Amino acid sequence: MTENISVLGSTGSIGTQTLEVCAKHGIKVSALTANRSTELLERQVREFKPALAVMGSEESARDLKVRIADTDTKVSWGNEGLCEAASIESADTVLTAVVGMVGLKPTLAAIEAGKNIALANKETLVAGGSLVMKAAKDKGISIYPVDSEHSAVFQCLQGCRDKKQLKRLILTASGGPFFGKTAEELCDVTVEQALHHPNWSMGAKITIDSATMMNKGLEVIEARWLFDVPVDNIDIVVHRESVIHSMIEYNDNSVIAQLGVPNMKIPIQYALTYPDRYPCDVGVLDLTKVGGLTFYEPDYDTFKCLRACRRAMAMGGTATAVANGANETAVKMFLDGTIRFNDIGDIVDGSLDFVEVKPVETLDDVLNADAAAREFAEYYAKSFFPPKMCGGIPLPTWID
Ligand code: MG
C-alpha cells in the first residue's frame, strides 16, 4: 500500500479525487503539481503540506510562491519541476494524472528513481509504451492502472493463475455523447455538445477524446502495454450504462467482469491500496435500479480515431506516438474553434499516412515523432480546413 505519494496533476478531476483518497487513508503527500490552477494548488498545499509544489509556467510559479510564502513548501515549475516532483525522495508512489504525453518524461524519471506508478495518464503509454514498460521491468517497479477500464481488467486478473489461460480482454466503452450517429450527422457538432458526456465527469481533453472515441483507441494501446496482450486479443464493446468497467475472457470462454457505479474513486483507491481493499465513499451499485445492460459493436466508420489507433498499433514503432501527437493538437484546435469535430479523425488518420514512422529505440525517437505529428496537424488544419468544410477532403500529397 502507498504510504507517501507525489501527485502529478493534482488540481484536475483525478488529482482532486486522489487527494480525497489520500486524506481518508492517511497517505502522506510529498509533491503536488498543477498546470495553471494556482488558487486550488495553494489550498491543496495548505491542507497536505507537501515538500514541493510545481506549476506549469514560471509566471504561475511566482504567483504560487507569493501565496504560500508562509509555508515550508518549495516551489518549482515546468518540465524540470515535474521531473523533480516525480523523483522526490520521500515518495514511494507517483500518481500521474497530467494530460497528454507531457507525462512521459516525468514517468520515466519516477521509474528511474524507483517509484511505483499509479497511472492515469494514458498518453504516456500510447506514445512511449515500449520505453516505459522496459524501464519498469529493469527497475522492478509496479505500474498500477487508474484508468477505470484498466483497473477493471487488473482487478479481474487477480484470479488469473496463468496468463497463458487468458484469451482476450474486453474493454467497455460508453460510446460517448454521439453514440448511434453517422459521420454526416456529426458535421456541425459544437464544442459544447462534444463536452457533454452522458456518464462521466472529466477534463476537457478526455471528454473530447470520448466523443471521438479516440479515448477508447488510446485505451486499447494502453492495455496492450500494461497487460502485455496482443492488440488483436483486445476487443471493444459499447456498453451504454458504464456499469461493467471491462472484462477478461479465459480459454474456456468464461468471462469475468468488474462492475460498479461510474466513479473514479474506486480505481484510484485500488491503485493506492493494492493489494488490499477498503471502504470507499461511492454509491452502492443497485442493479435493479439500473434495470438493463446493453451492448453494441463499436462503429469504426463514424469514429475514425478508433480505427486509426488500431492502424497505428499494427504499424508499430512511433506510429502510436504520431497518432497521439496529431490528436492532442487536433483536440486543442477543435476546442479553440479552429477545426470542426470530424476533422479530428481526418487529422489523426492522415498523420499515419504522412508522418514518417520509425522503430522506437530512444526517448528522442518518440519526442521527434510527436513533434512531427503536431506540425502535420497544424499544417493540415491551416491549409485544408476552412471552417465551413467538413471531412472527406483529400490529403495533401506533397508531404513525404
Ligand atoms: Mg477510461
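Let's start at the metal site of this predicted model: the magnesium ion takes its protein donors from D147 (OD), E149 (OE) and E219 (OE), at 2.1 to 2.2 Å. Along the sequence, these donor residues follow the spacing D-x1-E-x69-E. D147 sits in the loop between β7 (143–145) and α7 (148–156), while E219 belongs to helix α10 (residues 214–227), so the pair ties together parts that are 72 residues apart in sequence. How accessible are D147 and E219? The table gives the values.

| Residue | Relative accessible area | State |
|---|---|---|
| D147 | 9% | buried |
| E219 | 1% | buried |

Next comes the sheet. Seven strands make up an open, parallel sheet, running in the order β4-β3-β2-β1-β5-β6-β7. At its edges stand β4 and β7, each with a single partner strand, so one side of each has no neighbour in the sheet. From one strand to the next, the twist averages 20°. Within this sheet, β5 pairs with β6 (residues 116–119) in the parallel sense through four bridges; T96 has L119 of β6 as its bridge partner.

Helix α4 (residues 78–86) is worth a look too. Its buried residues are G78, G81, L82, C83, A85 and A86. Among the elements covering them are the strands β1 (4–8), β2 (28–33), β3 (52–55), β4 (74–77) and β5 (93–96), along with helix α5 (104–112).

Finally, a word on confidence. The average pLDDT of the protein is 94, and 96% of the residues score at least 70. Residues 386–400 stay under 50, and the model has 28 contacts beyond four places in sequence for them. Where pLDDT is low, predicted coordinates should not be read in detail.

Key. Residues numbered from 1 in each chain as written. Predicted model: local features only at pLDDT ≥ 70, side-chain atom pairs only at ≥ 80, totals over all residues. Heavy atoms only, no water. Donors = N, O, S within 2.8 Å, 3.2 Å for Na, K, Ca; no water. Helix = DSSP H or I, 4+ residues; strand = E, 2+ residues; numbered from the N terminus. Buried < 20%, exposed > 50% of the residue type's maximum accessible area, 1.4 Å probe, protein only. Contact = heavy atoms within 4.5 Å. pLDDT = per-residue confidence, 0-100. Pairing = 2+ DSSP bridges. Axes fitted to C-alpha atoms, helices over the stretch in contact; angles between N-to-C directions.
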